[in-house]
Amino acid sequence: MKTLESRIGALKTKFDESLAGATDAGALEELRNEFLSRKRGRVTLLFEELKSLPPEEKRSFGRLVNELKAHVQKNLAVSLKGSIRIKSGAKGKLTVIEDDADRDQVDLTLPGETLPWGAPHPVMLFLEEIERIFETMGFSVAEGPEIETDYYNFEALNFPPHHPARDDWDTLYLGENLLLRTHTSPMQVRVMEKHKPPIRIIVPGKVYRREAIDPTHLPMFYQVEGLLVDEGVTFAHLKGTLDLFLKRLLGDKIGTRFRPSFFPFTEPSAEVDISCLICSGRDQACPVCGGTGWKELLGAGMINPQVLKNVNIDPERYSGWAFGLGIERAAMFCYQIADMRTFYENDLRFTRQFFLK
Ligand code: PHE
């Protein structure tokens, strides 16, 4: 009697070992036949043997054989159903085994599961393109804080306290001395404080202004600041660089125009327009340029000597230029987008178009 009990134990061990060695659906099927086949399965034969036992032994050994059968069935089912089993390979390495059995259960006629794909945001795509162009011209990319002090946003940039020019920047203050930066220009000061010329850098980032929202104004938008400081830098370098940059970004046909302007931190200062590719100034009702033939895109100028002094760079020896570009504006022009708000409505039908371009 003891022998029947130990035989059942040995069979269980044998099954477990064979199961661990079964690497595919075929081997599992073989194992099922070996143990559960209706005619010659090892478990089936044990049930046959039971029939000849006296009733009191039948009960106790019957239970053991049933347990073995349940063990075999359960483990075979688990192995067959799991689409992937992980098994210890010969050298103890873990290998992943795909189970063909599971593939049979996939109904290929059913519609597939759609994954909700996102897309790179058009502003980011545009920003990457701008960075790429300037990197080929030897510029580095830096980033700075969106919460600034009055000193960096205004004072070091040559806006004295209460100067009326501050009113041009509708500032969102966070307290006595802290504010949300209204432009990326504070990074001119931060970069020049840390690095001595030659400096060639662009600074992309978000800026904030207390604006009423309309198709061309948002309280948060992106700018890219450009800054170059070295010996012998002139306005001609600024013109040449911006002209090349805008042509690379928007196409060779783009014309540029520099109009005199005012910023406390540059002298002389300019606003830079690009020619309207939509109507070339011929359509009085042009939605892009309003019939003027030009579209304002950025502010620029030669760094005011006072700003250089504020960061201890000698204006007798060094000169430089800076520019600031509104990214959404440029992207609106490039992609013919009429309303700036569409950038931030998170409508995937909008953002996906640019991904596909
Ligand atoms: N910071 C200016 C603005 O936001 C743009 C600018 C940058 C002008 C650098 C001159 C030089 O309008």
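This is a predicted model: local features need pLDDT of at least 70, side-chain atom pairs count only at pLDDT 80 or more; totals for chains, interfaces and linings use all residues.
Strands of a sheet pair through backbone hydrogen bonds, and they can do so in a parallel or an antiparallel way. Here, 3 strands form an open sheet in the order β4-β6-β5, and the pairing is antiparallel. At the edges sit β4 (147–149) and β5 (172–173), each of which pairs on one side only. Looking at one of these pairings up close, β4 lines up with β6 (residues 178–180) in the antiparallel sense, and 3 bridges join the two strands. Within this stretch, isoleucine 147 is found opposite leucine 180 of β6.

Next come the helices. Two packed helices are described by two things, the angle between their axes and the distance between those axes. Take α2, which covers residues 25–36, and α3, which covers residues 42–51. On the α2 side, the contact is made by Glu34, Phe35 and Leu36, while α3 brings in Arg42, Val43 and Thr44. Sorted by class, the contact of α2 with α3 holds 3 nonpolar residues, 1 polar residue and 2 charged ones.

The second pair is α6 (residues 122–136) and α9 (residues 235–250), whose axes come within 10 Å and cross at roughly 135°. That angle makes α6 and α9 oblique to each other. As for handedness, the crossing of α6 with α9 is right-handed. From α6, the residues Phe126, Glu129, Ile130, Ile133, Phe134 and Thr136 take part, and they meet Thr241, Phe245, Arg248, Leu249 and Leu250 from α9. The contact of α6 with α9 splits into 7 nonpolar, 2 polar and 2 charged residues.

That leaves the charged side chains. Side chains of opposite charge can pair when their charged atoms come close. In this model, the count comes to 15 salt bridges. One example links the side chains of arginine 32 and glutamate 29, with 3.7 Å from N to O. Both residues belong to α2, and because arginine 32 and glutamate 29 are 3 residues apart in that helix, about one helical turn separates them.

Methods: Residues are numbered from 1 along each chain as its sequence is written. Side-chain values use heavy atoms; hydrogens and water are left out. Two strands pair if DSSP finds at least two bridges between them. Helices (H or I, at least four residues) and strands (E, at least two) are DSSP runs, numbered from the N terminus. Axes are lines fitted to C-alpha atoms, for helices over the stretch in contact, and angles run from 0 to 180 degrees between N-to-C directions. Angles under 35 degrees count as roughly parallel, over 145 as roughly antiparallel, 65 to 115 as roughly perpendicular and the rest as oblique. A crossing is left-handed if the near helix is turned anticlockwise from the far one by less than a right angle, and right-handed if clockwise. Contact means heavy atoms within 4.5 Å. Ala, Val, Leu, Ile, Met, Phe, Trp, Tyr, Cys and Pro count as nonpolar, Asp, Glu, Lys and Arg as charged, and the others, Gly among them, as polar. A salt bridge is a side-chain nitrogen of Lys or Arg within 4 Å of a carboxyl oxygen of Asp or Glu.
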